[in-house]
Amino acid sequence: MDGLSKDTLIATFVDLLTIYINDKNSSSLRELITVRLAGYEPSEGKLGYNGYRLAAHDSAPFFCEAKPVNVTCLESGRPNRKLNGGGNFSDYTPERLDEDLKKNPQMLVSGFVDGRLAYIIEFPFRCLEARLRMVLEKHFPGGNRPPSQYLRSASFTFKDYQDCPDLRLVHRAENLDDFKDCLSEGFYIWLKGVK
């Protein structure tokens, strides 16, 4: 990068970040932003939970699982889909559900519009148990899972955890109204009403 001006370097860096944060094949940067802004330390490696926090120096860590969703606006200005406070677990199994329930990580559900953060919501994993059991039972009736078979996508929305007593809004964009057309109506109303 020798010989490039400071302005050119800044513009190049901004372009690179914009491309990376909107990458459809990788949510790593969106996960990192979500984890950090929620007050967790990012975990190393691709597998496992996305972050952790220590209650005390010598205590066991509290884990978190980040589920960022990014919607993009089309040339018409309309979003390709609307944010509904949801997320999904890839390649999910009944065994993984049992393990997640044991560890009960904090879920960090976040929404981005063209790479700009709109919200982060935090709640305990156990608040998704009913939804995940239902989709797993539908895919693996009676809990019978053939070896190497997975539920490709176990999705959830805000409606699946909205009654969770430990639900907490971590972050809401000050300019939330700018994202109104990219949020489902009921979810937008909830976000606006949270103190």
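Why is strand 6 (residues 116-124) largely enclosed by the rest of the structure? Eight of its nine residues are buried, so the rest of the structure largely encloses strand 6. The model is predicted.

## Strand 6 and its partners

Strand 5 (residues 106-113) pairs with strand 6 in the antiparallel sense, over eight bridges. Within this pairing, Phe112 stands opposite Leu117 of strand 6. Two residues lie between the strands of this hairpin, and Asp114 takes a positive phi near 50° there.

Strand 6 also pairs with strand 8 (residues 168-172). The sense is again antiparallel, over four bridges. Here Glu122 has Arg168 in strand 8 as its bridge partner.

## The disulfide

The model has one disulfide. Cys127 is joined to Cys164, with an S to S distance of 2.0 Å. The pair links distant parts of the chain, 37 residues apart. Cys127 sits in the loop between strand 6 and helix 4 (129-139). Cys164 sits in the loop between strand 7 (151-156) and strand 8. Both Cys127 and Cys164 are buried.

A disulfide is a covalent bond between the sulfur atoms of two cysteines.

## Other cysteines

The cut-off for a disulfide is sulfur atoms within 2.5 Å.

Cys182 is buried, with a relative accessible area of 5%. Cys64 is buried too, with a relative accessible area of 0%.

Terms used. Residues are numbered from 1 along each chain as its sequence is written. This is a predicted model: local features need pLDDT of at least 70, side-chain atom pairs count only at pLDDT 80 or more; totals for chains, interfaces and linings use all residues. Side-chain values use heavy atoms; hydrogens and water are left out. Buried means under 20% relative accessible area, exposed over 50%, partly exposed in between (1.4 Å probe, protein chains only). Two strands pair if DSSP finds at least two bridges between them.
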